[in-house]
Every structure is written in structure tokens, then in C-alpha cells.
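Student: I would like a close look at one part of this model. Please take me through it step by step.

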Amino acid sequence: MSKPLMRLLLGASAVVLFAGRAAAHEEPDLDRLSLEQLGEVAITSVSKHAEPASQAPASVFVITQDDIRRSGATSIPEALRLAPNLQVTRINAVSYAISARGFNGFETANKLLVMIDGRSVYTPLFSGVLWENQNVMLADVERIEVISGPGGTLWGANAVNGVINIITKDAADTKGGLATGNFATTEGSASIRYGGALGENGAWRVYATGFSRNDSLTLSGDNAHDQWKGAQAGFRTDWSHGSDDFTLQGDAYQDKTTSLLRLLAPDGRLRGGNLTGRWTRDLGNGSGLTIQAYFDKATRTSPGLEDSLETYDIQGQHNFSVGRHEIVWGAGYRVTHDAFINTLNFAVLDPERRRVTLADMFVQDEVTLRPDLSLTLGLKGEHSSLAGADYMPSARLAWRPSDKTMWWAAVSRAVRSPSRIERDLIFDIPGFGELVKNGTFESEHLIAYEAGYRGRPIDRLSLSVSAFYNDYDDLRSNEASDTGTIPVGGGQFYPIYVGNGVAGHTYGLEAWGSYDVTGWWRLSAAATTLHKSFHDKPGHLDRAGLSSAGNDPEYQASLRSQMTLADNIDVDLALRAVDALPKPAVPSYIEADARVGWRVTDDVEVAVGGTNLFDKAHIESPEERQVRRNLYAELRWGF
Amino acid sequence: MRAGIGFLGAAALILAMIAGPASARAASLEFPIKAAFLSKFAPFVEWPPTAYPSSDSALSLCIVGADPFGVAIDQAVQGQHLGAHPLIVRRLDRIDANSGCSIAYIGGSKLQSVEDGLAAVQGTPVLTVTDQAMSSVRGAIHFVVRDNRVRFMIDDEAAAKNGMNISSKLMRLALSVHLRSGGRL
């Protein structure tokens, strides 16, 4: 009885929805950095935008441009596999599920904040990220900061289990032309960028990029007919005037897939665009002011279905020092207009269109208690028009007994406010009644306890180890309503609604390190473990069988070798192992990637490589689609 | 409420837990990075052949006036060579055409302003480096902090006046380049 119901709700949302190397760069050894790299090192922790994440007292992994280039990745999700503190699961040719510290699954990975140059990209439709909508020119990415653990106090809404911060290069760093081509068996892409100076104090660039992904395979090895292709173009300008810096950037994209909605609705299309403006003023003495605003529009359509979202966001922050206190405070306001119009079945949102507002204010004080000891206290208040007000305090302590060592500990409260589906989904079959009723779902809560070490215990070795214990409350449940049963197809169904009936905890370890065997050879290893325990809260019964807790491996591990031979030949090998998923069951897997790149001149590089080399195809998610081996040849030409 | 107590209790516990010995907290990397830059500019600069008295004479990196680096600059240049020329650090109160500096970081002081320092070596083979953190007067290379990172601007005209050539690779890394008259990238 509960299973069909669970399937119904999950099915309803599914139908509706389907729509390293580089370990922590702690205290870099400046002598060994090139001029390019020196210009990329963040110098102080003055603000949330400029904070050198690699020095923050949190579990942080930084993916560098060099790592991305050497991985052969042609999409953001594939590049994110470089971060050991993420679980990246490929569902089919189009979709990914990505999470930190558990809750993975297409629909349950709803506790991450993902930003591209300060623009938040999770969708309020289900609080997850539609990764297929997110594209950048990877060669122009400066770095990707991946923070596992709550970041809600400073970083914004939905940062319950982690924050992914994708940062593209300043236009001053992308002058000249760059063309890249990746000719591959399944994951091809091509891009071109050109940039130049804008007077003496500014720069601009424009780019265009396109990709094509071949079909994934069904379990029996047949073509799954989910290939897709798309293109994106955009620009970025940065200029400064006195102590003011300005950035204006934007992107537009259009993608097409043969079966975004799988069998139900062929010919899915994604279209969208965004425009972001940012103004930063240096007020001197380490204080500064930043104001940022953006507009983002994304539309997913297929016959019978339209999902569209418009986001308007403005935020400001001010940081300054007073004695031993470094204070950052700010506020933000976001308005979203969405529409979800489904004429394929009876799973609809009521109302179909909604305006949701999200306002927040935050203040953070980093107090230097002693020269080696700093305490960061933060408090954020958030008000959602769907769920009212909530607050997110956090306390972080960092002890730096030497330049090469940091111990840290943190306690944080995080909140995930309801998504549109959780609040407004109904399943109303004329003649039968409402199988899924409008609920009263409220925010989910987490109190996270974390501690960690990061540093360089011996020369040439960098290491990061973090432990966490997460205590969750008020997680989503599907509960039977007490309004009596409805006969459907020979059975009796309780109408269900979305409640907050699940609680539980997780704990685990995240560890990674890298060792420079010689100046030209770096070895990296990483492992994460996850233990989960969830239960129905007293007086509740989750008819979905605790499925909102996700479907996660107990461990992940990876090994990576990066060699640079004769100064201009890169040889990269990577292995990753992912434990089995329990429910629904997916077997464990081990895969290997390899790449050989030859930088013929400073401006020309050719490479060949492959990803997922061990198997012709392997399965990563319960969606019964197999990810194929990919072989590629790559060309980069700077002009 | 239970959650609230748990949160505060844990915060108190963690505070009580830590009480170790003291040592320096990682300070701002701004000047160590500038020092590293200064030690690495030489290979990208061409001095006129007359600039060296002999084939293995030292290349002087002069810190003129205020010294914001301390030992960071000494550490950065340790063991650095340009060909056979070892790079050494010298600290001067003021600079003139006979100071024998190949690279001069001119921070300025009461004894000699940045402007006067630049004027004193104009026309002599010195790569002048200035710093927005000290003064907004610009030499051939001018450090700025942009987006929390140390960057620099290049005034190739100023380099040309001192008879020097800056490589296009270094120019490409600059935030902006003021070209010499008739020059091009």
C-alpha cells in the first residue's frame, strides 16, 4: 500500500521534474608559484566574496583551472567529480544528481547552494539544481570552491549541506583569443573566446560554446535516446575607476534534447539567460562595500509541459575592522516568478504560477582572540514568503599554531525553506479526488557539528581531514491524510500530503591530501565515509519509506597522479571508487580516467584521453541508464 | 528548544576545549606576494647591455624608502639568478642615477617622495616599481590590489624612457598596459 503511494508521489514529482590533485591550497609556497599563479592568490579574508576559501575554517576543496584542464571535463558536473567532498551521480545523458554529505538523488539533492559568479542557480521548484541548465566556458573558469557543510550564515539560502562557488576569470585575465575543441565519442564540445582591453583600466571578453552529448545506454545496452546538444554565448566586462571596481556579465543559452521528459514528451528544450552587475568599492584599511544585482530567466518546455522561472536578486555587503574584530554584514532580497504548467497528467502545482520572495540579513564577526586563535560568530535571519522567518547562527573557531597548520571546529544551524513542489503539488484525478493534497510543509532544520585539520604536516604534503555530525529535524515525509480513502484501480488509497515527519542524523569523515613526489609529479588521494540513520518522528509515518534522506554510498575514494614531463607534457591518471547505493540498489563501481597533453607552444596544446575507461558503460543511479566510456582528442589554441 | 540548548552547549564546549600555546596567525599575504613578484620580474625585462659592469655582477633589487616587506623580500630573492647575475636586495633611503639599482621598488619616504625617486632615475636603466598601497604615482610597473589579489599595471612608455624592454608575456599578465609611443603589443 505504501509503495504505490510512494511511487505515486515520487512519480508525480519525477514526471513533473524530469522535465584530485589540488588539495587544499593552504598557505601557498610563493617561491614555487609562477607569475600567473601569484596573481591568483587571494590575500586576505576581507569579505565573503573575496574570502580565500582555502584558508577558511571549513571543509573546503578548491578545483583550479589547471585541474579542470587536465581532467578532460567538458561540463560543470564532470569537473565537480574532482572535488572529493561531493557525490556526483550521472543519471542519464542529460541529468546529474550532486550532493555533499548525503541526500543524493535527482529529487533529494536539495540542500546545496550553487553559485556561478555570485548568481544562485538552484531552482525553487524543488530546491535542487538542474545541472543541465548550468554551463560556462570551462577554460575561463578561475576556480571552483566546494565547501561541504552548512554555509547558511554568510552565503545565502539553501546552503544546508554545502556550497559550490564557480568563479570565472576577470576579463583582464582573458585578453586575446582562445579556441578549444574536444572531439569525443560521447561528450564533444567546442568553444571560442576573444577579449581585449577597455581603455587603460578595463577589459572585456565574449565567448560562445557548444556541446553534444550522445545517448546513454539502457541496462540491456540499447540506445536510451536521451542525447542532447546546446549552445551558450556570453560576455563579461570588468573595469575600475579609482577605488571602484565594476563587473557586468551575462549569458544566453539554448539546449535541445530528444527526450528531456523521457518517453512522455520528446523534444525538450531549455532556454535562458542572465545578466549580473556588481560594484565593489575599496573603502581603505581593509574595509569595502559590494552591491550586486542579477536577473535570471530559465524556461524548460516540452509538449504539454512548461516550467519557467524568473529571478530578480539584489544583495549588498559591507566589511570593516574594529580592533580585533573583522565584521561583515549585509542583506539580500530575491523575488522569483515561476510557472509550472502540466497538461500531461494530473500532477500540478496549485497555484500554477507563484511569486515568492526571500529576504535575508546577516552579520558575521571574526574575532582574533589571540594571534593564533580566531572565533567567527555569525547570525543570519531569512524570511521566505512560503515559510516565514527563520534564523541561522553559527560559530567557528580556528586555531593556527603555525603557518602550516590549522585546526578548526564549528557548530551551525541551517534551514532549508520549502520548494514549490513541496508546498503546492496536488494530484487531483477528476472523478476520484485529490490523491496528493496541498500540504503545510515547513522548513527543514539542521544542526551541524564539525571539526577538522588542514595543513602541511611535512614538506611537500598537504592534508585535509574533516569530521561531521549532522542532526536533522523536520525533514520531508509523505503522510496519509485522515480524510478517508479513495478507491483507485481496485485498491484503496489514502490521500497523502507532504509533512515534516522525518528526523535523523548522519556522520562521516572527509579526507584528502596530495604529495609532491618531485617537482614534476604529484600524487593525490581522497576518501569520504557517510553513515546515515533516519526515523519517523513520533506521531508521523512516512509513506515514502524515508526516501527524502536520499540514496547514498557509504564511501567514495579516489587516487590521482599528475605528471609534467619535459616541462610541456602532462600525463594524468585518475581512479575513483564509489560504494553501492542501498535503496534502490545500484552496484558499486570503479572507473579510471587518463589524459596525455602536449603543450606544443605557450599557445597551442593537443591532448588525447578517456574517461570511464574500465567499462564500456556503467550505471551510477537507480534510473537504469548506463554512462558510456568516452574517448577524446582535444585542441586548444590561443591567439 | 532542545535544539537551541544543543547548539549553545556545543559552542560552549568547543570554546572550553581549546586553549593551546600561541603563535602567529597567518597574516595578509599582500606583501609576501609582492615580494615574490619582485623576485621574478627580472627574466621578463631586457636591460641595455651597458647596464652591467661585468658579466657576473649582481643585479640589485633596491627597496627605496619605506620597506613594507621585512624579511619576505630577502627570502624571496634568495638563490635567484638572472643568467650569471645573482639577485641581491639593497635597502636605500633615496635613489639616484648612480645607486646601481637594476630594479627599484620605490615606496617613498620623507627623504624622497615616490615622484622624486622616479625622476631621479629617469633615463637610466632601472626598472621602476611602485605600489598603490604606498602612493598612486606610477612607475614602469605599478602594484594594485584587485579583487583581493595582487596585480600590476605596466607603463611601457616609462620603461622605454629608461631604455628598457618589457616582454610581451609580462604585459599579458598586466591588468593594463600603457604603450610606448609608436609601440604595440
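Student: Which strands does helix 2 of chain B lie across, and at about what angle does helix 2 run to strand 8 of chain B?

Tutor: First, the ground rules. This is a predicted model, in which local features need pLDDT of at least 70, side-chain atom pairs count only at pLDDT 80 or more, and totals for chains, interfaces and linings use all residues. Residues are numbered from 1 along each chain as its sequence is written, while chains are lettered from A and ligands numbered from 1 in the order in which they are written.

Now the helix. Helix 2 of chain B (residues 30-40) lies across strand 2 (59-65), strand 4 (85-92), strand 5 (103-108), strand 6 (127-131), strand 7 (141-146) and strand 8 of chain B. Helix 2 runs at about 40° to strand 8 of chain B. Helices (H or I, at least four residues) and strands (E, at least two) are DSSP runs, numbered from the N terminus. Axes are lines fitted to C-alpha atoms, for helices over the stretch in contact, and angles run from 0 to 180 degrees between N-to-C directions.

Helix 4 of chain B (residues 114-121) also packs on the sheet. It touches strand 2, strand 5 and strand 6 of chain B, and its direction makes about 150° with that of strand 5. Contact means C-beta atoms, placed from the backbone, within 7 Å.

Next, the sheet itself. It is open, with eight strands in the order 3-4-2-5-6-7-8-10 (chain B) and mixed pairing. Strand 3 (81-82) and strand 10 (177-178) of chain B stand at the edges, each with a single partner strand, so one side of each is left without a neighbour in the sheet. Two strands pair if DSSP finds at least two bridges between them. Strand 8 (residues 149-155) and strand 10 of chain B run parallel and are joined by two bridges. Here B:Asp155 stands opposite B:His178.

B:Gly123 lies between helix 4 and strand 6 of chain B. B:Gly123 counts as exposed because it has 10 C-beta neighbours inside 10 Å; the cut-offs are 20 or more for buried, 12 or fewer for exposed, and partly exposed in between, with C-beta atoms placed from the backbone. Leaving out residues up to four places away in sequence, B:Gly123 touches B:Lys161 and B:Asn162.

Finally, confidence. Chain B averages a pLDDT of 78 (the predictor's confidence in each residue, from 0 to 100). Over residues 1-27 of chain B the pLDDT is below 50. Where pLDDT is low, the predicted coordinates should not be read in detail.

How values were computed: Two residues are in contact if their C-beta atoms, placed from the backbone, lie within 7 Å.
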